[in-house]
Amino acid sequence: MNGLFSKRYLLTSLKQSGLPCTYQTLMNYEKKGIVLRPQSAIGFGNGSWRLYTKQEIDESVRKVANHRKGKGL
C-alpha cells in the first residue's frame, strides 16, 4: 500500500499550497467534480477508505488552485 494517501493528506497538501479548506469543502469539491474521487479504495465492514496516489493529490491541488483563481478546471 506504499504511495497511497488519505483525504487528510490531501487537506494538508492544500493547506501547504496556500489553499486551506475544510473537510466539508473538499467533499463539495468532489461532488462538483473539481476534485476527482480517488481510484483506490479499501473496503472494510460497511464502509471503505478512499486513497489517493501522489499524482491524484497533485492534480487535485492544481484543480483547486485554478478553481479559486476563477480559471475553472
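**Labels and their cut-offs**

Author: Happy to, and let us begin with Lys 54, which is partly exposed, with a relative accessible area of 37%. This is a predicted model, in which local features need pLDDT of at least 70 and side-chain atom pairs count only at pLDDT 80 or more, while totals for chains, interfaces and linings use all residues. Residues are numbered from 1 along each chain as its sequence is written, and side-chain values use heavy atoms, with hydrogens and water left out.

Reader: Why is Lys 54 called partly exposed?

Author: Buried means under 20% relative accessible area and exposed means over 50%, with partly exposed in between (1.4 Å probe, protein chains only). Lys 54 has 37%, so the label is partly exposed.

Reader: Where is Lys 54 found, and what does Lys 54 touch?

Author: Lys 54 is found in helix H3; helices (H or I, at least four residues) and strands (E, at least two) are DSSP runs, numbered from the N terminus. Leaving aside residues up to four places away in sequence, Lys 54 touches Gly 3, Phe 5 and Tyr 9, where contact means heavy atoms within 4.5 Å. Lys 54 and Leu 4 are 50 residues apart in sequence, and their C-alpha atoms are 7.0 Å apart in space.

Reader: What makes Asp 58 and Lys 54 a salt bridge?

Author: A salt bridge is a side-chain nitrogen of Lys or Arg within 4 Å of a carboxyl oxygen of Asp or Glu. For Asp 58 and Lys 54 the N to O value is 3.2 Å, so the pair qualifies. Both lie in helix H3 (residues 54-68), four residues apart, which separates them by about one helical turn. Asp 58 is partly exposed at 42%.

Reader: How many salt bridges are there by this rule?

Author: The count comes to four. Another one joins Glu 30 and Arg 50, at 2.9 Å from N to O. Glu 30 lies in helix H2 (residues 23-32) and Arg 50 in strand E3 (residues 47-53), so this pair ties together parts that are 20 residues apart in sequence.

Reader: Is Glu 30 buried or exposed, and how do you know?

Author: Glu 30 has 5% relative accessibility and therefore counts as buried. Arg 50, at 25%, counts as partly exposed.

Reader: What about Arg 62 and Glu 59?

Author: Their closest N and O atoms are 2.5 Å apart, and they form a salt bridge. Arg 62 and Glu 59 are three residues apart in helix H3, about one helical turn. Salt bridges that share partners also join Lys 7, Glu 30 and Arg 50 into one network.

Reader: Why are H1 and H3 called oblique?

Author: Helix H1 (residues 7-16) and H3 pack at about 45°, with axes 10 Å apart. Axes are lines fitted to C-alpha atoms, for helices over the stretch in contact, and angles run from 0 to 180 degrees between N-to-C directions. Under 35 degrees counts as roughly parallel, over 145 as roughly antiparallel, 65 to 115 as roughly perpendicular and the rest as oblique. The angle of about 45° therefore makes H1 and H3 oblique to each other.

Reader: What makes H1 and H2 roughly perpendicular?

Author: Their axes cross at roughly 100° and come within 11 Å, so H1 and H2 are roughly perpendicular to each other. Lys 7, Leu 10, Leu 11 and Leu 14 of H1 make the contact with Tyr 23, Leu 26, Met 27 and Glu 30 of H2.
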